[in-house]
Structure formats: structure tokens, C-alpha cells
Amino acid sequence: SAIIEAEIGYSTVTKYKIYMNSGAGYVYLKDSSSLNGDTIISLTTGNTYFFKISAINIFGEGPYSQEISASASTVPS
């Protein structure tokens with residue numbers, strides 16, 4: 001997070017914004033307080049989703065991260 005802090009004004013990150021693209025462009029999905037992961041619900045099995053995050057501090061929102069992708073799969077029984 002030191003790299004993120006340097007990019008948005010040398011202040012402690014207070015939360016992250018998660019953006020998702022399921023084929024129609026990026027839209028704001030939710031806030032997260034953890035860089036270690038978060039749960040995204042209501043995904044369709046077999047679809048590929050694309051995500052970007054941004055860090056928030058007292059100066060505002062920083063730049064988006066690089067895009068990452070993930071495919072929704074069924075949860076094992």
C-alpha cells in the first residue's frame with residue numbers, strides 16, 4: 001500500500017472502491033476496507049468478469065489499478 005499512498009498524496013488509505021466490468025463497461029460495485037480480498041455476490045457461473053480498484057484517502061480517489069479478470073465457478077459441495 002506504500003505505492004498506492006505515494007500516488008494519492010502520502011496519506012493513509014481509508015478504503016478501496018471496487019469497479020466491475022461484465023461486458024458493458026466499468027461500473028462502481030462497492031467499497032471495501034480490505035486489500036486482502038472481498039466477496040462479490042450475484043455472479044453467473046461460467047462468466048468472466050473484469051475488475052479494477054482505486055484507493056481512497058483524505059485527498060480523494062487515486063488512479064485505477066491494472067485490470068484483473070476472474071471467472072465465476074460453482075462452489076464445491
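Visitor: Which residues lie nearest the centre of the largest pocket, and how many residues line it?
Guide: The lining has 20 residues, and Ile18, Asp38, Phe51, Ile53 and Ile68 lie nearest the centre. Please keep in mind that this is a predicted model, where local features need pLDDT of at least 70, side-chain atom pairs count only at pLDDT 80 or more, and totals for chains, interfaces and linings use all residues. Residues are numbered from 1 along each chain as its sequence is written, and side-chain values use heavy atoms, with hydrogens and water left out.

Visitor: What makes a space a pocket?
Guide: On a 1 Å grid over the protein atoms alone, a pocket is an open set of points with protein on both sides within 12 Å along at least five of seven lines, whereas in a cavity a 1.4 Å probe fits but cannot get out; lining residues have an atom within 4 Å of a point. The largest pocket holds about 370 Å³ of space. That volume is the space filled by probe spheres set on the grid points, which are joined across faces, edges and corners.

Visitor: Which elements give two or more residues to the lining of the largest pocket?
Guide: They are β1, β3 (48-57) and β5 (68-71), and β3 supplies the largest share with 4 residues. Strands here are DSSP runs of E with at least two residues, helices are runs of H or I with at least four, and both are numbered from the N terminus. On that basis the protein has 1 helix and 5 strands, in the order α-β-β-β-β-β from the N terminus.

Visitor: How do the residues of the lining divide into nonpolar, polar and charged?
Guide: There are 11 nonpolar, 7 polar and 2 charged residues. Ala, Val, Leu, Ile, Met, Phe, Trp, Tyr, Cys and Pro count as nonpolar, Asp, Glu, Lys and Arg as charged, and the others, Gly among them, as polar.

Visitor: Why does Ile18 count as buried?
Guide: Buried means under 20% relative accessible area, exposed means over 50%, and partly exposed is in between (1.4 Å probe, protein chains only). Ile18 has 9% relative accessibility, so it counts as buried. This residue is found in strand β1 and touches, among others more than four places away in sequence, Leu29, Asp38, Phe51 and Ile53. A contact means heavy atoms within 4.5 Å.

Visitor: And why is Phe51 called buried?
Guide: Its relative accessibility is 11%, so Phe51 falls on the buried side too. Phe51 is found in strand β3, and its contacts beyond four places in sequence include Ile18, Tyr19, Leu29, Ile40 and Ile68. Across the protein, buried residues make up 22% of the 77 residues.

Visitor: Is Ser42 buried or exposed?
Guide: With 72% relative accessibility, Ser42 counts as exposed. Ser42 is found in the loop between β2 and β3.

Visitor: What is the phi of Ser42?
Guide: It is near 65°, a positive value in a residue other than glycine. Most residues other than glycine have a negative phi.

Visitor: How do you know that strands β1 and β2 pair?
Guide: Two strands pair if DSSP finds at least two bridges between them. Strand β1 (residues 15-21) and strand β2 (residues 27-32) are joined by 5 bridges, so they pair, and they run antiparallel. Lys17 stands opposite Asp31 in β2. The two strands form a hairpin with 5 residues between them, and Gly23 in the turn has a positive phi of about 125°.
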